[in-house]
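I opened the model today to look up a few things. My notes follow in the order I checked them.

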Amino acid sequence: MKRLLMDIYRTLYKAYGPRHWWPGETPFEVMVGAILTQNTSWQNVEKAIQNLKGKGILNIDGIHQLKKSQLAPLIKSSGYYRIKADRLKVFVNFLFENYDGNISRMRKEKLETLRQQLLGVKGIGPETADSILLYGLGKPIFVVDAYTKRILSRHGMISERVSYEETQRLFMNYLPHNKRLFNEYHALFVHLGKTVCKKIPRCDICPLKSIEHSV
C-alpha cells in the first residue's frame with residue numbers, strides 16, 4: 001500500500017507539478033479561509049478574504065473586535081455568511097481563551113491535543129480542523145475531502161461509504177508524517193478532482209490510468 005500511495009503521488013506530481021496550496025499571506029488568513037470555504041468554492045472565499053483585507057481586519061484582533069452584524073456582510077460572498085460569521089467569532093474566541101490570541105503559542109501545542117481542541121469548537125469538523133493544522137500551523141496530518149474519497153474509491157482502494165477517519169488512516173499509517181508531502185498530496189488530489197476526476201470523470205486523460213491495474 002505504501003508503494004502504491006507513493007506511486008500515485010509521484011505520478012500526480014510529475015503530471016501537475018507543485019500546486020502552491022494553500023494561498024494565504026499569514027497562518028491566520030489560512031485558518032479564516034478554511035472556515036469560509038465550507039460548502040462553497042474558493043472563488044467565493046477569495047472575495048470575502050479581499051473584503052476583510054480591504055478593511056484591514058484580517059487579523060485576530062480585527063475579527064475579535066468586530067460585531068457579528070458587522071462581519072457578516074463582509075463575508076457574504078462565501079455563502080451561509082451569518083453562520084460563518086458566528087463560526088469565525090467562536091474560533092477567534094477559542095484562540096484568545098486557549099492561546100491568548102497567539103498563533104505561535106498555538107503552534108507549540110501537540111498535534112493530538114490541538115486536533116481535539118479544534119473539533120470541540122462549534123462549526124469545525126474534521127476537514128476544517130485538519131486544514132487549519134496542516135496548512136495554517138504546519139502540522140503533519142493528512143486532509144481528506146470529497147475529492148480524496150472519490151479518487152480512491154474509483155480506483156478500488158476504499159469503499160464509497162468509508163469514514164473520514166478510515167480514509168485518513170490510510171495515509172497516516174503508510175506514509176511518512178511529512179507536512180510537505182501531505183500538503184502537496186492533498187493539493188494534487190484537489191486539482192485532479194476539479195479538472196479530471198469530476199462527477200462525470202475524464203478517465204481518458206487521467207494520469208493515474210497507467211497505475212490503475214496495480215490497485
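Which residues does Glu-184 touch, not counting residues up to four places away in sequence? I found Tyr-9, Tyr-13, Gly-17, Pro-18, Arg-19 and His-20. Contact here means heavy atoms within 4.5 Å.

A note on the source before going on. This is a predicted model, where local features need pLDDT of at least 70 and side-chain atom pairs count only at pLDDT 80 or more, while totals for chains, interfaces and linings use all residues. Residues are numbered from 1 along each chain as its sequence is written, and side-chain values use heavy atoms, with hydrogens and water left out.

**Glu-184.** I placed Glu-184 in helix H12, residues 179-195. Helices (H or I, at least four residues) and strands (E, at least two) are DSSP runs, numbered from the N terminus. Glu-184 is buried, at a relative accessible area of 13%. Buried means under 20% relative accessible area, exposed over 50%, and partly exposed in between (1.4 Å probe, protein chains only).

**Helix H2.** Next I looked at H2, residues 27-36. Nine of its 10 residues are buried. Among them I noted Phe-28, Glu-29, Met-31 and Leu-36. What covers them? The cover includes helices H3 (42-54), H4 (60-65), H6 (81-99), H7 (103-107) and H9.

**Thr-128.** I then turned to H9, residues 126-136, which holds Thr-128. Is Thr-128 buried or exposed? Thr-128 is buried, with a relative accessible area of 8%. Leaving aside neighbours within four places in sequence, I see Thr-128 in contact with Ala-34, Ile-35 and Gln-38. Ala-34 and Ile-35 are on my list of buried H2 residues.

**Whole chain.** I counted 12 helices and zero strands. The radius of gyration is 18 Å, close to the 17 Å that the globule rule gives for 215 residues, so the chain is as compact as a globular protein of that length. That radius is taken over C-alpha atoms, and the rule is 2.2 Å times the number of residues to the power 0.38. Along its principal axes the C-alpha trace spans about 55 × 35 × 30 Å. Of the 215 residues, 49% count as buried. Of the contacts with a separation of 6 or more, 62% join residues 24 or more positions apart.
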